[in-house]
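Dear colleague,

Please find the structure below, together with its sequence. My notes on what was found in it follow.

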Amino acid sequence: MMKKLEEILEWGGVKRDIIFLILSVAALLLSILGYSPLPFDMAWIAIILCGVPIILEAVIGLVTEFDIKADVLVSIALVASVIIGEDFAAGEVAFIMQLGALLEDLTVARARAGIEKLVHLTPRTARRISFVPSGASHGTPSGTSEEIIPAEDVRIGDLLRVLPGEAIPVDGVITSGETSVDQAVMTGESLPVDKGPGDEVSSGTVNQFGVFEMRASKVGEDSSIQRMIRLVQSADAGKARIVSLADRWATWIVVIALTAAAITWLISGEIIRAVTILVVFCPCALVLATPTAIMAAIGNATKHGFLVREGDALERLAAVKKITFDKTGTLTYGTPQVTAVVSDSDKLSWEDVYMYAASAELNSEHPLGKAIVRSYKEEMKHVPAAPKDFKMLPGRGVQALTDGHRILAGNPELFAESGIALTEEMIRKAEIFLTKGCTVIYLAVNNGIAGFIALSDTLRENAADTIDAVKACGVTPVLLTGDHKNAAGHIARQLHISEVHANCLPEEKLNWIDSYEKEEQPVCMIGDGINDAPALRKACVGIAMGKIGSDIAVDAADIALVNDDIRELPHLLRLAKRMMTTIRLNLTFSMTLNFAAIILAITGILNPVIGALVHNAGSVLVIINSALLLGWKEKP
């Protein structure tokens, strides 16, 4: 029985509420004018359409969970008004309560509509290949036929082909071909990962270069990209702690209202005063105060690139004292840039090493190769010479002919396979850069060691201004990273961060956060990698970099910064505090209005009709005040 009642209440949602409200307001107008084409007061239409759902919800709450909330007192007021013949008052209470519910639903819908626009990660199509009988392939290679199908039609075991630049449609295993895959969406890795036969690939990641074929292993809702998409579905206000407080107040208010109504009836002998007390005592504005403010703030945060997964996350964020930042991918772009060029040959200068490396990498599709070429153009102010006989060696590097010289550029595995030994001096020099988190590309000219190029991450634009703005919000920034102490210290100095903890393993990050919490300094953790997930979950509030962050990190966080623009972080901090101010104003206003109306009702100044107008107008004002958060932005 209860299940059927719940299904009735869920039917139609916002559209149902709008239809019911239109019919109800027309009926109430006719009731005021005293016109009724039916054998009963037209206000009964509002009572049935808007009041019955309220009563049903109250019954369900009481019977299934013995949950006493605002709808219980509203239901009692509705029934009492009908019993004493105040049909218009009952219809008016029901109508305004339904109007308040609609405004709240529209606030939620607006917030979610913005969230859904943020995430467009699901690949739309896939290239499915199948084998065809000999002679029937019509010129297609290897006797195969290729068809483009919707990604949702891919089934486990299907053989797919992925071209350069395309997003991988589903999770699977490469069966043939070699390439590099940009896995920033799923793993947070700033550099693409070399892939070959037998390696796993995830949906939503991007094939950088090289055609490959793969066998689908996880499709539909099981694919990796759906972990991010499901965040949209989970972006709900939930129940913040203040909502629970309001619910507890609502329970006491029900008891106080019934007691006050009974005493007033006994003393005055006028039941209409008792019914008026029940009408004005309904804690509608009190209960609406917090969730409407939360959802409006979520809508505001959405417009600034934040996907809020937990309703009380903003409430907790308003109380944080420290923000701990991961370095790579959070304060930095995760984009490599040449930081050093070292020559290991008496015959070659560092400029020569730089020139040969840039020339060899000129046609490379690998981000490290592109970074070398880009940095060379910026520093040397000219384009390197085009190479000849260029060959990409996936997972190793490149080889090419430049100015008649055979150039090899790549990792130690490439040199080992080519029979070229790295000198101890070069290894020692390279180790210095490796310990700072740099990536090293070795170079050989005519089978002889020439030198190496070190690349490192680049600091995010306006990162220093963001840190300064965070401090202005009264929050202390902390650098909490697993990087080398020297690299962490260098970044911290650039960003004016005085508190730095480097070389941190995941469990050590947890320990630091736990120590801050024990000192009553709530922490907000911002990170992007899988190793940040435990800290994101442990912190009072976890914010994950949603664009390049790993799915595990995003799933562990309370909030995802979808576009990775950390400049919006100070706005989020100020918004959280503004939201709490709005909630306090709402609670204060609703309680003051309630008690003022009660006094007027006890003295007989208010009747049920006027009492309903005054009280429910307060509910609408609370919702309007909360809705102002949707477009709020602190003026500079």
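I begin with helix 13, in which Pro367, Leu368, Gly369, Ala371, Ile372, Val373, Ser375 and Tyr376 are buried. Here, buried means under 20% relative accessible area, exposed means over 50%, and partly exposed lies in between (1.4 Å probe, protein chains only). Helices (H or I, at least four residues) and strands (E, at least two) are DSSP runs, numbered from the N terminus. Please note that this is a predicted model, in which local features need pLDDT of at least 70 and side-chain atom pairs count only at pLDDT 80 or more, while totals for chains, interfaces and linings use all residues. Residues are numbered from 1 along each chain as its sequence is written, and side-chain values use heavy atoms, with hydrogens and water left out.

Helix 13 covers residues 367-380 and reaches 19 Å from its first C-alpha to its last, close to the expected 20 Å. The expected span is 1.5 Å times one less than the number of residues in the helix. The buried residues of helix 13 pack against strand 8 (206-209), strand 12 (337-343), helix 12 (350-360), strand 16 (439-445) and strand 17 (448-456). Contact means heavy atoms within 4.5 Å. After helix 13 comes lysine 381, with a positive phi near 65°.

Two loop residues also have positive phi without being glycine. Aspartate 403, with a phi of about 55°, lies in the loop between strand 14 (397-402) and strand 15 (405-410). Its relative accessible area is 66%, so aspartate 403 is exposed. Asparagine 446, with phi near 55°, is found in the loop between strand 16 and strand 17. Asparagine 446 has a relative accessible area of 43% and is therefore partly exposed.

For the chain as a whole, there are 22 helices and 22 strands. Of its 636 residues, 51% are buried. Among contacts between residues at least 6 apart in sequence, 69% join residues at least 24 apart.

Next, the interior. A nonpolar core is a set of buried Ala, Val, Leu, Ile, Met, Phe, Trp, Tyr and Cys residues joined through side-chain atoms within 4.5 Å. The largest such core has 51 residues, and those with the most contacts inside it are Leu317, Ile323, Ile543, Ile559 and Met579. Helix 21 gives the most to this core, with 9 residues. A second, separate core of 37 residues includes Ala46, Leu78, Ala89 and Ala597.

The axes of helix 9 (residues 271-281) and helix 21 come within 9 Å and cross at roughly 175°. Axes are lines fitted to C-alpha atoms, for helices over the stretch in contact, and angles run from 0 to 180 degrees between N-to-C directions. Helix 9 and helix 21 are therefore roughly antiparallel, a term for angles over 145 degrees. Where they meet, Arg273, Thr276, Ile277, Val280 and Phe281 in helix 9 face Asn594, Ala597, Ile598, Ala601 and Ile602 in helix 21.

Finally, proline 608 lies in helix 22 (residues 608-627). With 1% relative accessibility, proline 608 counts as buried. Its contacts, not counting residues up to four places away in sequence, are Glu86, Ala89, Ile272, Val275, Thr276 and Val279. Proline 608 and glutamate 86 are 522 residues apart along the chain, yet their C-alpha atoms are separated by 7.4 Å.

Yours sincerely

Key. Angles under 35 degrees count as roughly parallel, over 145 as roughly antiparallel, 65 to 115 as roughly perpendicular and the rest as oblique.
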